Structure formats: structure tokens, C-alpha cells
Amino acid sequence: MKFTLSALKRYLKTTYSAQELGDALTMLGLEIEDVIDPAAKLGEVVVGEIVAVEKHPDSDHMKVLKVAFGDASPVQVVCAAPNVKLGLKGAFAKPGTTLPDGTKLKTVKVRGVESNGMMCSERELGISDEHKGIIELDKSAKVGAPVAPYLNLDVLFVGEITANRPDYLGVQGIARDLAAGGYGEFKGVKMPTIKAKFKSTIKIINEASDVARHFTLREIRGVNNSGSNAELVAYLNGIGAKVISPLVDMTNFMCNDMCRPMHAFDADKIKGDIVLRHAKAGEKFAALDGVEYVLNAGDVVICDDAGIQSLAGVIGGALSACDANTKNVLLESAWFEPAHIRKTARMLGINTDSKFRFERGVDAEFVVPGSDIATSIVLDICGGECGELIESGKSVYKPYTIDFDPAYFVSRIGVEMNANEMKTLLERLYCKVEAGKGVLVITPPSWRADIVAKEDITEELARIIGYDKLPSEPVMPTDFKPVLTAPQRKKSDARRVLASMGYIECYTWSFENSKTAFVGKGVKLLNPIIEELDVMRTSIIPNLLVACRANITKSVRALSLFEIGPVFFGVKPEEQKVYASGVSYGVAGDGAWEIPNIGVKVQDAKAAAWAVLETYNVNVGNLKLSVEKLPDWVNPYASAWIYQGPVRLGLFGEVHPMSVKKFDVKEKVVFFELDLSAIVVKEAKSTAKKALVISEYPSSERDFSMEFADSAKMGEVKAAIVALKNPLITNVKIFDVYKGSMGIRLEIGSMDKTLTDDEINSAVAAAMEAAKKLGGKLRSEFS
Amino acid sequence: MIDKNKLLAAIEAAGTLKDLEAARVAALGKSSELAAALKTLGAMPEVERKARGAELNVIREAVEAAIEARKSSLESVEINAKLAANPADVSLSYEGARRGKIHPLSQVQDELVQIFGRMGFKMAEGPDIEDDWHNFGALNFTPEHPARDSQATFFIDADHLLRTQTSDVQIRAMEENGAPIKIITMGRVYRCDWDATHCPMFHQIEGLYIGEKVSMANLKGCLEDFLKAFFETDDVPMKLRPHYFPFTEPSVEVDIRCTIENGELKIGPNGKRWLEILGAGMVHPQVLRNVGVDPEKYQGFAFGTGIERLAMLKYGIPDMRKMFEGDARWLSYYGFDAGDVPTLAAGLSRR
């Protein structure tokens with residue numbers, strides 16, 4: 001919403017400055033984003049008078065002037081403006097002056113002649129685009145005085161209107177609220193007396209009275225719509241609106257000034273009666289903006305015998321638009337159902353000032369007064385004579401009352417205020433206030449349809465007294481229970497565990513590209529932000545690969561990235577899971593001297609996955625791997641599912657080289673992806689640990705080496721030895737893996753004594769036996 | 001007579017452990033003078049034997065002690081020679097340690113948990129894909145409410161959308177637990193906007209406190225304490241401006257007085273501008289009715305803000321879009337170490 005200080009002052013008698021009024025509005029609830037005061041930038045520009053004009057010796061169109069600007073003697077200025085003449089008083093900027101566009105003036109030579117400053121055009125002062133000549137001020141302007149007061153500059157306010165305050169969409173309403181806030185006196189609106197000279201032959205046939213609840217037309221005959229009206233032009237220029245023709249300018253003025261959207265039909269282009277009806281799907285309508293819209297069923301249209309002339313409350317039609325030749329006009333003033341207007345405009349993608357106001361709800365009591373004011377303006381500026389008002393329906397406003405207990409305000413806001421003070425404040429807002437039994441009985445004004453209940457009254461009182469009056473009371477805790485649930489805490493812990501393992505945390509989009517998605521069909525967005533982010537992700541890995549690619553192009557040669565976040569398999573809450581996913585590529589340590597020069601291994605990813613699972617209190621010793629039905633985006637020879645009993649917890653391994661290629665990545669990428677939602681976090685019931693029992697006797701180490709035909713089973717060999725639960729085998733470690741062979745180191749000991757060689761050997765034999773069952777052949781035994 | 005001094009001199013003269021062993025054998029070995037002398041003791045009468053035995057023992061102990069001392073000295077020479085031959089280059093450092101990092105968004109969320117935890121809030125969560133009721137309807141956005149336009153919404157189907165605000169969790173939490181309730185919620189939200197200052201996905205924190213006597217004064221106190229704790233400063237000049245949200249009434253936007261210089265946020269009464277930082281208000285009675293809470297008995301406040309914005313202001317991060325690019329250089333620079341767990345007890349962030 002844009003409005004000028006002069007427009008405001010037509011309604012408000014005030015001594016406050018523009019800046020003060022802007023601040024006041026912000027604190028009343030109309031957030032002023034900008035107060036643009038062109039005069040503020042003209043401080044150094046003064047009134048200068050041309051006291052001599054001579055020809056430039058080296059130019060036909062330039063003149064050499066002497067300009068007087070106060071106490072100092074006149075200076076020489078070269079000027080090319082066509083309107084230069086002796087005695088002209090204009091805006092003079094002397095050398096050293098900074099113009100509004102930032103240019104700092106210097107003494108210069110123009111074709112060999114010295115020029116000390118500039119007589120300015122309006123464009124040079126940043127007050128309009130006018131640049132045909134220099135500014136000509138009134139003869140009475142005082143030479144040497146600051147120029148700003150002589151330029152009749154206006155201050156522009158730019159405000160953000162909240163959806164609940166359509167009354168702020170007219171300058172009148174803004175002035176009314178400033179007055180209520182104590183920033184001046186509201187002057188009111190002078191209602192004209194309209195004398196109808198004839199009865200119109202046009203009838204309204206309203207078949208859409210469910211939407212067009214109150215619809216009026218007034219015919220004005222014999223108008224002159226050519227040229228323009230200076231006052232309206234100044235008004236519209238002031239808010240940066242387009243000037244079109246007096247009739248259209250008038251409707252735009254009514255809209256901005258009084259929040260009364262109107263439409264003007266060229267009456268000579270209307271055939272027969274005006275019919276309001278619901279459109280059929282697919283009907284076409286050529287609008288004023290030059291677009292032909294295909295309407296949806298139910299949109300309300302205003303038609304004549306020739307077809308659709310207007311889309312109710314949203315936009316007028318091209319067929320019956322007013323132009324310079326318009327002689328007879330039909331002015332529409334109406335009230336439409338707000339939700340209907342928004343729906344129509346939203347479906348068609350139209351945004352107009354009219355729609356913006358109707359969808360928020362304009363003052364229902366102002367339909368006819370608005371029409372009267374508009375009529376009188378037309379008669380004033382375009383001449384002609386008007387007919388009687390043609391009306392369908394009546395004002396939808398029905399006065400209603402709100403019972404308000406003053407104690408309610410005190411309890412909610414925490415500020416003491418008595419009923420009388422409240423009454424005074426509410427009356428300033430044009431509420432009718434009567435005393436009831438322990439309550440105030442309040443009738444809000446017709447233009448405040450947003451005030452319907454006691455909480456609305458509370459807000460009105462609070463904002464008028466100002467929120468800076470609010471006391472402050474701290475919020476205290478009531479217990480020592482944890483803030484986070486167990487899964488929430490685990491999620492946070494898992495992040496730090498992964499970071500401690502060298503993984504860098506990312507946040508990537510919840511969306512992904514359906515063309516490169518790995519898993520199933522993602523939930524599709526109806527209006528994706530870009531084509532490449534058209535579905536909700538079903539895995540985090542593709543987004544992490546996008547990040548890998550970006551890092552590789554920036555020469556990051558080795559990297560581990562992880563993300564813990566949502567993935568989506570459906571719209572129901574239980575179909576939205578939390579995954580922890582990570583990827584690694586490149587040589588560990590990126591070729592640092594102290595680290596063996598080896599690339600990432602799937603075990604790196606597995607270690608990270610296991611660390612996360614342990615953080616979630618999962619007994620990793622009981623996890624099972626499966627290579628059944630691996631998805632096609634993984635290397636099937638280097639990946640596995642992770643199962644806890646029947647529950648699948650995730651997947652780790654290597655991303656298939658064909659899959660990383662889709663992301664323009666050539667490096668080997670290992671990954672893990674865990675479904676954290678699938679883990680039931682079991683928290684320890686007690687904080688006390690079972691007492692630790694450790695052996696007082698020395699243990700022995702025994703190593704042996706075995707060969708396997710199927711190298712994939714080595715992890716199971718260790719598990720099989722552990723599963724023996726041999727009380728003497730206290731630890732099993734794989735200390736060497738090379739092609740098909742592995743070295744196993746056993747730690748053998750007892751709680752009760754130092755073991756004999758025989759006892760040790762029998763434990764080793766048991767372990768070997770378990771390994772042989774899995775296909776191992778003994779290579780050697782060392783000790 | 002055994003020449004003790006000669007024996008000791010031979011030991012002292014040994015230049016290697018091998019020489020020392022030879023000297024030991026010569027002094028104490030089977031064929032040494034001392035061994036021979038000891039052998040003669042048996043045949044001596046007792047008195048003489050005792051005297052002679054004691055004498056020989058003194059010599060033997062002196063020799064043994066000398067050998068130990070010499071051995072230790074020779075060993076130390078030898079070890080030192082070995083050490084000197086294998087020096088370690090202490091100027092050289094490890095080059096390749098991969099440093100994992102915590103994203104600033106996670107760090108800030110951990111900080112917020114600390115702050116609101118101290119006030120007694122508990123964390124609640126909800127789904128990102130929401131239905132119209134939880135994201136809009138229950139929050140008093142009636143169908144075709146113009147305020148819906150301010151929340152550029154991603155749609156899935158007629159009834160489902162990506163939540164535009166975490167307020168849906170307020171609804172879900174109250175539907176489940178009723179009142180009184182005191183929760184915070186953090187999570188992803190989505191708006192169909194993408195430019196220098198908007199991303200289609202970002203994060204919000206919201207708080208909800210409903211009780212029998214929770215007033216707007218509590219809201220102000222809560223927000224003041226939050227801002228003081230988060231920005232770690234005692235003086236946070238705060239301005240509440242009237243605003244409009246369908247789900248709160250009164251509704252306010254909260255500004256803080258500050259100056260931002262070279263990316264650094266300086267909060268205080270000398271700040272040059274008011275900066276919008278939060279939205280808040282008293283929960284609309286209709287919202288309470290919508291979740292089956294009696295607004296005649298219960299009342300309270302809600303507030304919310306963007307977590308990206310908080311992180312950017314606090315840590316001087318210039319570009320929101322970089323948060324979601326996974327650029328390792330950015331993450332390593334703006335990220336936090338795994339061990340840097342924020343706690344109020346240890347100071348949230350000034351380490």
C-alpha cells in the first residue's frame with residue numbers, strides 16, 4: 001500500500017512529521033517499510049535567479065548565464081536548457097553539492113567556458129522524469145533559500161498491510177487509525193448530495209446474489225473523458241500509479257483513497273441489461289489487461305447481451321472499457337463475497353488492487369456513499385448529468401455486539417486498565433460502547449469486520465496503548481525431565497559421533513530430481529520450485545552425490561559427508577521417515593604422508609553405520625547382513641542390507657559406478673543409509689551398571705591363518721568363533737586379510753587360573769574347527 | 001691377596017657391554033682369583049674362615065656394584081647412540097586428519113534446546129508433508145483466507161502440502177496431549193520462493209506455552225530471556241510491533257535494536273536500526289477450540305522464527321543459500337567440532 005502525506009492530511013489534522021507518523025503507524029499495526037521524502041535529499045540545492053544570459057562562443061544551443069543565489073556574487077554557469085531566460089528563478093546546485101543520484105558537482109569547463117554549478121531539471125533532482133527543461137519556480141521564490149519548500153514535494157509512505165485490516169487499504173482508514181492512536185484529528189468525509197436527473201433504462205438481473213450480495217450501478221450521461229484532471233494526476237503520480245483517463249483515474253483514486261474499488265463501463269458499449277451470473281467452465285473473457293482468460297465454473301461474471309463485460313470484483317473487460325471518447329458511463333459500486341473473489345483470482349492467477357481489497361472484505365456500508373462520492377467527482381471533472389442509483393441487494397452489514405469483561409484484558413495482557421479507560425479508547429476506534437452487567441457491550445464499526453470476539457477487543461486495546469507498556473514476566477521450569485525424547489537425543493548424538501569419525505554434516509533439500517532418484521517413486525509436488533527438484537526424496541544418497549559432484553569440481557579430492565533428515569514414502573506421517581546417510585570418496589587423508597595411500601573401503605561406511613547404530617543402543621553383535629534383492633543402484637558385490645531380526649535397518653556398501661555416473665562422478669563412492677525411524681530406542685531402566693568382573697590371571701595370544709575359497713565369509717568366521725561362547729576365548733581379532741586368506745588372533749585366558757598349554761591348545765582347536773566348518777583351510781599356526 | 005682396585009679398574013675400563021662381561025668373568029667367574037679364594041674357605045678354621053669370608057664378600061659386593069654401575073652407564077651410551085641414529089622430525093605434523101563438522105543449523109538447534117530447556121519447554125516434532133487442517137485449518141486459516149497468500153505453499157494434492165510453518169506441531173501436540181502444554185518444535189518448513197534471501201526449504205523453531213495464567217507478559221519475558229541467552233548479552237532492547245497471524249491474537253512482530261558491521265551483530269541501545277527477529281502472539285481462542293482445549297480455562301502464547309536467520313545473525317554467515325549446498329569448504333569453515341557441545345553451564349558458544 002502506497003500513500004502520500006498530502007493524501008493523509010486531507011483526512012487528518014496533525015502536527016506530527018512524516019517520519020513520526022510512519023513510526024506511529026508501524027506501532028499501530030501498519031508496518032511502514034519506507035518513508036520516501038525527496039525533499040530530504042535537496043538540502044544543498046537553493047533558489048537561483050538568472051541575472052544575465054549570453055550566447056556560448058562555441059555552441060549554438062548552449063547559453064552562458066550569470067546566476068544569483070543569495071549573498072555571494074552571481075556565478076557563471078553554462079546551460080543547454082531551451083527554457084533559459086533572464087529573470088527565471090530555478091533550482092540551483094553550486095559546486096560541491098551532491099545531487100540525489102550521488103553525483104557531486106565540480107567547477108568544469110564546457111567547451112572552453114567555465115561553469116560553476118547547475119540549474120537543475122526535475123529529473124536531476126530525482127523528483128520526476130521531467131527533463132525537457134530546467135525547473136521554473138514562482139517569481140516570489142526567495143533567492144538563496146533552500147529550494148525544497150517551493151517544489152510542492154510530497155512524502156510517499158510504503159506500508160505492508162496485514163490480511164486482517166482491509167480498512168488500511170484506503171488512506172481514509174489509515175487516517176482514522178492515526179487519530180485513534182492520538183496522532184491527530186480525523187476530519188471526516190463530506191458527503192455530497194446527488195441530484196438524479198433521469199431514471200436509467202438499464203436493469204440489473206442478479207443471478208449470482210450469493211456472491212454479488214450488494215450491487216449498484218449509476219449511469220452518468222454526457223461526460224467528457226478526454227484530457228486529464230490535474231488533481232487526480234498528481235495523486236496517482238504521487239503513488240506511482242498509471243494515469244489513464246479521468247474516469248479510470250477516478251476509480252483508481254476511490255480504490256486507494258477510500259478502499260472503495262469501482263468499475264466504470266462505457267455505457268454506449270453495453271447492450272441491453274446487466275446480468276450477473278456464474279460462468280460455465282471454459283467460457284472465455286477478454287480482460288482489460290489484454291489477456292483472454294478461460295474461466296472456471298462458478299466464477300461470477302457481469303454480462304450484457306453481447307457477452308461478458310467484467311469478472312466481478314477482479315478485473316474489467318476490454319469490450320466495454322472507457323476511453324477518451326466515452327460520452328456515457330456506468331459506474332459500478334458493489335460488495336462481493338471475499339472468499340469467492342480470492343478463489344476466482346487465485347485460479348486464474350490475477351492480482352488487481354480491486355481483488356486485493358474485495359478478498360479482504362471492504363466496508364459493506366460504504367457501497368452507496370462511495371458511489372455518491374464517485375458520481376460527484378465525475379460530475380465535477382467530466383461534467384454530464386447522473387441518473388438514479390440502480391441497486392440489487394443491500395448492505396450485508398448487520399450490527400452485532402461483543403460482551404467484554406475488562407478482567408479478560410488484564411489476565412491476557414498483564415496490564416491494569418479500568419472499564420472507563422477501555423471505553424474511551426474503544427470509542428476512539430468508532431466502537432459503540434455501553435455498560436452491561438460487569439461487561440462492556442461493544443458494537444464495532446462496519447469497516448472493522450475483523451473485530452468479532454473479545455480477543456479482538458483485547459488486541460485493539462493493547463495496540464492502541466502500545467506494546468511498549470507491557471510488563472515482562474519470566475517463564476520458569478517446573479520439572480527436571482529431559483527436553484528431548486530418547487530418539488531426539490540419539491539423533492543429536494549420532495551427528496556428533498559421525499562428525500568425530502571425520503564426516504562433515506550437510507543439510508540438503510528434502511526434494512530431489514525424479515530423473516535421478518534411486519528409490520521408487522517419490523511424492524510428487526504439484527508446483528515444484530524447479531523441474532530438477534520435482535519430487536520428495538526417498539533416499540538422501542542422491543542429494544549427497546550432487547554435493548560430492550560440486551565438491552569434486554572444486555578440487556576437494558577426498559570427502560565424507562553425512563546428513564540426518566527426512567525421506568518420504570507417502571503423505572501420511574508414518575510414511576515419512578528419518579534417515580541417517582553418509583558417503584565417502586577419495587583417498588583417506590587425501591595423500592597425506594602419514595596415512596597409507598589407500599582409497600575408501602566399504603568398511604569405512606560400515607564403521608560409520610555401526611557407530612550410529614551403537615549410539616542408538618543397537619546390539620551390533622546381533623545384526624545380520626543380507627545380499628538378497630539388493631537395489632540396482634549399489635554394487636551388488638560390495639554392499640549389504642543390515643537386519644536386526646526381521647527389521648531392515650539400512651544398507652551400506654559401494655554406490656554402483658553406473659549410478660554415480662548419473663551425477664557426473666567418476667570416483668568410487670561408499671555409502672551407508674540407516675532408517676532411524678525403524679529403531680526402537682531402548683533406554684536403560686537403571687543408571688547402575690552390572691559389577692565388572694576381570695581376571696587376575698595372565699592371558700595368552702595365539703594366531704593362526706586360514707585360506708578361504710569364498711572370501712566373502714571372513715566376517716562370519718569371526719562371528720562363528722565368538723558364537724562358540726568358549727569361556728576361555730576372551731577376544732577374537734582379524735589381524736590380516738589378504739586375497740582369500742585371513743589371520744586370526746585369539747586371546748585365551750581364564751577367570752580362575754593361569755592356563756596350561758593343553759587347555760590353551762584345546763581352545764585354539766575349537767576355534768579352528770569353527771573356521772573350517774565355514775570352508776577354511778589351515779595355512780599356518782604361529783604363537 | 002686379591003687386588004680389589006685392579007678389579008675395579010678393569011671394570012671401569014670396559015668400553016662395551018662385551019668388555020664388561022669379560023671383566024665380570026675375570027673378576028667373579030669360575031676361574032677368577034675370587035672364586036679360587038672362596039674355595040679355600042672351607043678348609044679354614046671357623047674364626048679365620050669368618051674373617052676371611054667377610055673380607056672376600058666386601059670385595060665381591062664392591063665388584064658387583066661396580067659392574068652394575070658400569071653396565072647402566074654403558075647401556076645408556078648405547079641407547080643414546082641408537083636414538084641419535086634414529087631422530088624423529090618434530091617439525092613434521094600430520095597432514096591428513098579428516099575433521100568432521102557439525103552443520104551450524106544443528107549447532108544452533110542444540111543451543112536452542114539448552115535455552116528453552118532451562119525454561120522448562122519439551123521438544124515435539126511432526127511430519128513435513130502435512131494435511132490442510134494441521135497446517136492451515138486448525139490454525140484459523142479458513143479456506144480462501146487471504147493470509148494463505150503470504151505463505152507460498154508447495155502442494156502435493158487437494159488435501160496435502162509441505163508445511164509452511166512448524167505451527168502444525170502445536171496442533172498435533174495439543175490434539176494428543178491437550179493443555180496445559182509447554183513445548184518447542186524445530187524442523188524443516190517449505191515456501192515456494194527462491195532468491196538471494198529466500199530458500200524453498202528452511203527451518204523454524206516455535207514455542208507454545210498454554211496454561212491457566214500464561215499472559216502476554218510471560219511471552220515478553222520468555223522472548224527477552226531467549227534473546228539474551230542466545231546472543232549472550234545482558235541488554236537486548238526489544239520492540240513488539242502489532243502484526244497479524246490468524247492463529248494468534250494479539251499478534252506481534254519482535255524487533256531488536258542492533259547494528260550489523262562487517263557481518264558482526266552488535267545488539268544494544270546504541271544500535272542503528274530495529275531488526276525483525278521473531279513473530280509471536282497469544283494463541284487465538286479458536287485455535288484452542290479447534291484442538292479441544294477450553295479457551296475459558298486455558299490461555300497462552302506461541303512464538304516462532306527461522307533457525308537459518310538466527311544462525312546467520314549470530315555467526316556472521318552472509319548467504320543463506322550456502323547452507324544447503326554441501327560445499328566442504330563452507331561447512332568446514334562455518335561448521336563446529338564434534339566435541340563442541342553447547343551447554344548453558346559451560347557457556348553456549350563463546351569458546
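Which residues are buried in α3(A)? Keep that in mind as we start the tour. This is a predicted model, in which local features need pLDDT of at least 70 and side-chain atom pairs count only at pLDDT 80 or more, while totals for chains, interfaces and linings use all residues. Residues are numbered from 1 along each chain as its sequence is written, and chains are lettered from A and ligands numbered from 1 in the order in which they are written.

**Stop 1: helix α3 of chain A**

Select residues 171-180 of chain A, which form helix α3. Helices here are DSSP runs of H or I with at least four residues, strands are runs of E with at least two, and both are numbered from the N terminus. The buried residues in α3(A) are Val171(A), Gln172(A), Gly173(A), Ile174(A), Ala175(A), Arg176(A), Asp177(A), Leu178(A), Ala179(A) and Ala180(A). Buried means that 20 or more other C-beta atoms, placed from the backbone, lie within 10 Å of a residue's own; 12 or fewer makes it exposed, and anything in between partly exposed. Because 10 of the 10 residues of α3(A) are buried, the helix is largely enclosed by the rest of the structure. Now step on to Gly182(A), which follows α3(A) and has a positive phi, near 90 degrees.

**Stop 2: all of chain A**

Zoom out to chain A, with its 17 helices and 40 strands. Its C-alpha trace spans about 125 × 80 × 60 Å along the principal axes. Of the 783 residues, 43% count as buried.

**Stop 3: a pair of helices**

Two packed helices are described by the angle between their axes and the distance between the axes. Select α5 (residues 246-258) and α8 (residues 367-382) of chain A, whose axes come within 10 Å and cross at roughly 145 degrees. Axes are lines fitted to C-alpha atoms, for helices over the stretch in contact, and angles run from 0 to 180 degrees between N-to-C directions. Show the side chains at the contact, including Met250(A) and Met254(A) of α5(A) and Ala374(A) and Ile377(A) of α8(A). Two residues are in contact if their C-beta atoms, placed from the backbone, lie within 7 Å. The residues of this contact divide into 10 nonpolar, one polar and no charged. Here Ala, Val, Leu, Ile, Met, Phe, Trp, Tyr, Cys and Pro count as nonpolar, Asp, Glu, Lys and Arg as charged, and the others, Gly among them, as polar.

**Stop 4: where the chains meet**

Show both chains: 79 residues of chain A are in contact with 70 residues of chain B. On the chain A side, α12(A) gives the most, with seven residues. That side divides into 40 nonpolar, 21 polar and 18 charged residues.

**Stop 5: chain B**

Finish with chain B, which has 11 helices and 10 strands. Its C-alpha trace spans about 125 × 50 × 45 Å along the principal axes. Select domain 1 (4-85) and then domain 2 (104-334) of chain B; their C-alpha centres lie 87 Å apart.

Terms used:
Domains from an automatic or database assignment.
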